[in-house]
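Hi everyone, thanks for having me. Please take a look at the model on the screen, and then I'll walk you through it.

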Amino acid sequence: MTARYGMVIDLDRCTGCGACMIACAAENNVPPAAPRATWRTGVTPMLVHTLSNGKEGVDRREAFLPIACMQCEHETPCVSVCPQQAVELDKSTGIVMQMPQRCLGCRYCMTACPYHARYFNWWDPQWPPGMEHSLNPGVSVRMRGVVEKCNLCHARYHDALQKAAAAGKKEIDLADYVPACVEACPTGAIAFGNLADPNDPVTLAAKSPDAFRLLEAIGTEPKIHYKTTQAWIRALADRKAARPTEAQHV
Amino acid sequence: MSETALIDRRWIARGAERASTSRFLLWLFPWVCLLLLGIYAAGLCFYYGLNQTNMDNRFAFGMWIFLDLAIIAMGAGAFFTGFLVYILKQTDLKPVLNTAVVVGLTCYSGAVAVLMVDVGQPLRAWFTFWYPNTHSMLTEVTFCISCYLLVLILEYIPVLVQNRQLRHIPSFLVFEHQAHKLVPVLAGVGAFLSFFHQGSLGGLYGVLRGRPFAYRQGFAIWPSTFFLFILSAIAVGPSFLMLVVAAAEKITGQTLVDFGVYRKLGFISGVLLALYVAAKAIDTYVWLNITSPRLGFGPWDYYSYWPLSSTFLFTATVPLGLLPAILFIVPRTARHRGLLLLAAALTCCGVLLNRFVMTVQTLALPTLPFDPFLKYIPSWQEVATFGGVLAYGVIVYSLSYRYLPLFEATKGEAKNVSLD
Amino acid sequence: MKFSRRDLLIGTAGATAGIVFTPVPWKLLGDVSIWSQNWPWIPQPAHGPIETTLSACTLCAAGCGMRVRMAAGFPVGISGVANHPLTKGALCPLGYAAHQLNWHPARLLQVRHSGRASSWPEAQAALAAACAEGPIAVVDGRPGRAASLTLETFAAKRNGSYQTVLGPETQALAPYAAWSGVPASALGYDLENARTIVSFGAPLLDGWGTPGRFTRLWSARAAGQSDPQLRLIQIEPVLSHTAARAWRWVAVREGTQDALAAALARVLVEEHLVKAQGPLPEMTLEQAAVQAGLPIAEIRDLAHAMVEHGPTVVITSDGDPAVAALNVLLGAIGTPGGISLKSKVSPQHGAASTASAKFRATLLDASVPWDLIPPTQGEVFRFAAWDGGGSKADWLLPSPGFLEELTDIPTAPTSATETYTIATNLLAQPQETQTAAQFLRKIDASLADVDKSIHARCEQIFQVKLGTIYAGQTKPVSQFESAAKMEEQLRKGGVWLGESPRNATLHCTLKTWPATSAPASPTDWTSSWAPPVLPPLASKLYQESTVREAPAGRPA
Amino acid sequence: MRRVLLVFGIGFALALIGGWLVFPRVLYLEKPQPFDFFHKTHAEKSGLTGCDSCHVVGSDGQFAGIPRNDVCLGCHSDKLGKSEAEALLVDNYLKQGDQPEWLIYSQQPANVWFSHAIHTQRAGLQCVDCHGNYGESDQPRVYEVNRITGYSRDIWGHSMSRLRRAPGDGMKMTDCEKCHRRHHIEVGCLGCHQ
């Protein structure tokens, strides 16, 4: 049976603590920020955005929106554009796979991604001396000059596969496969599951009226869903509210 | 006469009048400096990586891609003139053919050079040929450009071997005569390849469904921009050629081609430009009213941002599109050399602007609802690298002009070897 | 026949043609691109099988349960322990990258004396000399540990004083301690039973107390509900992360929370919203409202919101008694869902006494926050694993880093039930380092050894037979056949939970409405704010994203 | 004209010789192992039959790889026989308690994820199918490393042309793909990369 792994992220529960970002970076051997790196040149496969209703003072409201690769299911923008098959939509898991060792760093996929979930390694990855001991053996370090993104903690998927094989099972146990950000979220705002399974709680949550997806009209069928009960967030997400200026953003 | 001057003379065709060696070197000097600076800047990018540029994750494509698209469009003059002369038998354009080849060669090789700096892992660039993704417009572009570059080189060699010294080597002369039989074929192949990749360059952005500002519907696998780019490229090609020849005439102070050629080039540019503007207008209408709304984006998602507001749309079409077209076509204006060149310049600017809008503005416009409109200013390394390419172009052209019979008018006695 | 230039050309042509039919060009092309995939200057992760062990985080006093993945003898990943009774599987953001801290550039691995490199023997001699000359102060940042016992006895033997510095959350309980006569460290919040929580600037959702405890609670009972079972009212001048997610955010004017408290008190009492007839502030409602910069209507509404959905508890960030007094009016002391008194198994400590100039030397344990500098003319011996910079200490003594020290973790601040955890040293302690306890035992061998004290604590817990041990599943202490068995569980990352709080016995009486006092960290300690030593990956939060502001950007 | 052909031919021939015979010697660098190890001896003397008596796959599917000292200590608690290798093993490693740094012939690069469990348990492959029968090796093998890539020579295989290779000789991606294709097993890039 082929799975379709996805998430439902509850924006009402996200406190913007950033645990998901750090857990993600630690799991996937993402280097600390280079001295000159900014929010536009950093490598943050999981990135928490700050939303606001644009008002000031007591009327101001803020929310936090984590963005990882949306794992688009349909006409996946980055897959078709890659000139040398470094990106592909995996048949058995629905994961959009980015293969940095194949990538030549043309960044065409980054211009193609409407969610800006792809990151270019502008610098050589560097850790303070000795810190390479803390690297996760399950993930290879990306070199400078290639694009990377969320592969849905593929190292953990590997472990689950291997465990299943050792136990003589064909299917993995979903309990063995929990991405780092999901595991790390202190409020349990991120729910992870198999959208191909109609009874999976995530599948059901994705169907609730509070659930939505970003830029749904573009029609790439992302597998990361969001939900909120707050009208202003929904209005913003559905592009019915004013945008911030760059100054407000940074 | 100094030693160098003597050697220099020996390479120039007998009886051809050229600037004195010292003046020529003086002319080359600044360009060589610029070239060296460019090489240095490129070196920085190779050694330290692309953090030397001001591109970032949002502006993954920057000035380089924009100008690559632009100069490749300009270089279209090469294949299009070849196409006109050999396929459509417009033999009266032959005088500018050599120039066209040289311009094409420099534009394409320059563009490829910059692309090599632009990618993060040039050592792995050949993967595209080994593991090609046939669905990718970029694969199409890579294959066509590299093949066409080969064609251009083959087209250039016959011109090259007409040099006074090289002609002494018998085997070269033999080769040259054989090559001439080949040239029409090359022109044909070149034309096909170029039509194709000019298109795929347009497709590059047209297929980006994730960027509603660039996304276009189209025919078969190709978005409308595919065809628009072809049209705009062949429209601007002759104009650019015209400017180059005019510049050469101005600098050398000689008349190289008669005015009829200008008018013909202009007329071709004008007609195609008119066609283009019409097509572009229809395309824009369809896009704004059907394509874009389907993706949930309306005109105000694009045109409410200063400075890249709707004024761009207007400028691109009217003063830089219609106006030059009229200037080219209407006999009364086309009679004036000045107006003709003005029109050519306007056309080039128009295409520049169009490529800018397609590449840079597309990335500047936010897609995510809570994202701001972003700005980007290229770093000096980016500018310098491109300056290097510009210098490279000028140098190659100057050398070719000096040592090769580019124009009938200034061949000297190399005349007896004509191009057919 | 002689070899001509022409031959050379032809020969080269031949060679060029030939080379194409050898592996040379093709293998080189391939290998060079493979080289670009394994650049020698890019670090490679270690090989080797991965083992997972349970432990507890020692970055702060909270002692969250940790699952540590070890490869080739080094920690390569940290995650929370699902259904851990205290932290519910959550860690704070820093916890997830804590295993990188030992290689932090600021790591301290060399004894330093007034800036210059020195040695342990010299430091030892210096302290011995100091002890001979006069009384010394030993300062402990996390009282109640096995190590604390060593420090305390050392101070006692040298008729010096043993002093404690309490964390902000415990400090915030100081007023109740003063009013009830129970030490602050014995108090906690019974959040699980509260239905309205009024926070005066306490970062409840942002690393307060034991992070997982409240975030999970809030997530289950409050988040995303228009009429939540648990109402979180955040009173704070700025829209903090907590305020952003609170059920209600009240933007009070900077530094006027005591005025707002006074106003609320008046409404509560005058409108008979509370039974208590306690003392009232002199300030009238109007004056208070003007100070706090809030319309009277809103204050009145807030007061009603506070009581309509009880039990209600007020939490302060800095132990401002004027605010704390609201709890007395609300009757939120010694009642379910309020301030409660822990069961009495673990040793309890006096409130923070303060170092003063009379001591010949002051010894700061590594648990004392880096930015706290005692006001003393005497010599300062400071233990630390990381050099936060700008230290006023005469002696900087390198202590073990993360996971390099065997220590126990007593009850977390703000917790209403007692807990006890043991963090074993998963990594070998670098020989350059010593803990304060180890150092003092070098001077006085008769002092208790941490390992032994931990053993003793376990014995004690086993004797009392109270509470339960959680290690995978919950098991009452009484069901353990021996203390050793129980200790083994604890050393493998288990956690002991004490009895439920003894509410009945806690009473606060308020004679007069308390005057505002400055934030209650020990008054004469200067706190020069230095950017904390964070795991390098924290830069993701403040440099590569806009979620948080850079530490350097925070006010001193 | 004949002379031209002759000179051309000589150049051609030299290139072939250089490319096929000299180039491999330049490209690969021989490296010594910590000490000689003989699979065959272990199979015969200690009756350790089957690779899994030393190279174990854990219950969670993790492959232990080359056994660590404690496994060796099972027999080699003190010297067995007089051989130099034996002395090295016991004195330099087992006694000191540090692991020999073996150079692994079939070591895949860091960007490869290979699970022995999946290939042995699910696909039912035997060790020899990929590794060849090292179990019968009775003399120490030479370890060669590619100077450019740092890969073991076994990855490319010993014949530069990659023709006529024994199993275990040549472990490139194409070799994996060949087998996967034969058994119609489709895995994406990240099926085998990490």
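First, some ground rules. This is a predicted model, so local features need pLDDT of at least 70 and side-chain atom pairs count only at pLDDT 80 or more, while totals for chains, interfaces and linings use all residues. Residues are numbered from 1 along each chain as its sequence is written, and chains are lettered from A and ligands numbered from 1 in the order in which they are written.

Let's begin with the chain contacts. I'll call two residues in contact if their C-beta atoms, placed from the backbone, lie within 7 Å. Which chains share the most contacts? Of the 5 pairs of chains in contact, the answer is chains A and C. Chain A brings 52 residues to that contact and chain C brings 54 residues. On the side of chain A that touches chain C, at least two residues each come from α1 (19-27), β2 (47-52), β3 (62-67) and α5 (180-184) of chain A. A quick word on those labels: helices (H or I, at least four residues) and strands (E, at least two) are DSSP runs, numbered from the N terminus. The largest share of that side, 7 residues, belongs to α1(A). Sorted by class, the side of chain A that touches chain C holds 27 nonpolar, 16 polar and 9 charged residues. Here Ala, Val, Leu, Ile, Met, Phe, Trp, Tyr, Cys and Pro count as nonpolar, Asp, Glu, Lys and Arg as charged, and the others, Gly among them, as polar.

Now for chains B and A. In this contact, 39 residues of chain B meet 48 residues of chain A. On the chain B side, α6 (127-130) and α7 (137-160) each give at least two residues, and α7(B) has the largest share, with 3 residues. That side of chain B splits into 19 nonpolar, 14 polar and 6 charged residues. By contrast, no contact joins chain B and chain D, and their closest C-alpha atoms are 13 Å apart.

Let's stay with chain B. It has 15 helices and 2 strands, and its C-alpha atoms fill a box of roughly 70 × 55 × 40 Å along the principal axes. With 420 residues, a compact globule would have a radius of gyration near 22 Å, and chain B agrees, at 22 Å. That radius is taken over C-alpha atoms, and the globule rule is 2.2 Å times the number of residues to the power 0.38.

Next, helix packing. Helix α3 (residues 63-74) and helix α5 (residues 97-118) of chain B pack at an angle of about 165°, with axes 9 Å apart. Axes are lines fitted to C-alpha atoms, for helices over the stretch in contact, and angles run from 0 to 180 degrees between N-to-C directions. That makes α3(B) roughly antiparallel to α5(B); angles under 35 degrees count as roughly parallel, over 145 as roughly antiparallel, 65 to 115 as roughly perpendicular and the rest as oblique. Among the residues making this contact are B:W64 and B:I65 of α3(B), along with B:C107 and B:Y108 of α5(B). By class, this contact has 10 nonpolar, 1 polar and 2 charged residues.

α3(B) also meets helix α14 (residues 337-364) of chain B: the axes come within 9 Å and cross at roughly 145°. The residues involved include B:F66 and B:L69 of α3(B), and B:V351 and B:F356 of α14(B). Here the classes are 11 nonpolar, 1 polar and 1 charged.

Then there is helix α4 (residues 76-87) of chain B, whose axis comes within 7 Å of that of α5(B), crossing at roughly 150°. α4(B) and α5(B) are therefore roughly antiparallel to each other. Among the residues that meet are B:G77 and B:A78 in α4(B), and B:L97 and B:A100 in α5(B). This contact has 7 nonpolar, 4 polar and no charged residues.

Finally, those details. Where is the cis peptide bond in chain C? It joins C:G310 and C:P311, with omega about -10°, and C:P311 is in the loop between α11 (296-307) and β12 (312-316) of chain C. In chain A, A:R107 has phi near 70°, a positive value in a residue other than glycine. A:R107 sits in the loop between β5 (96-98) and α3 (108-112) of chain A.
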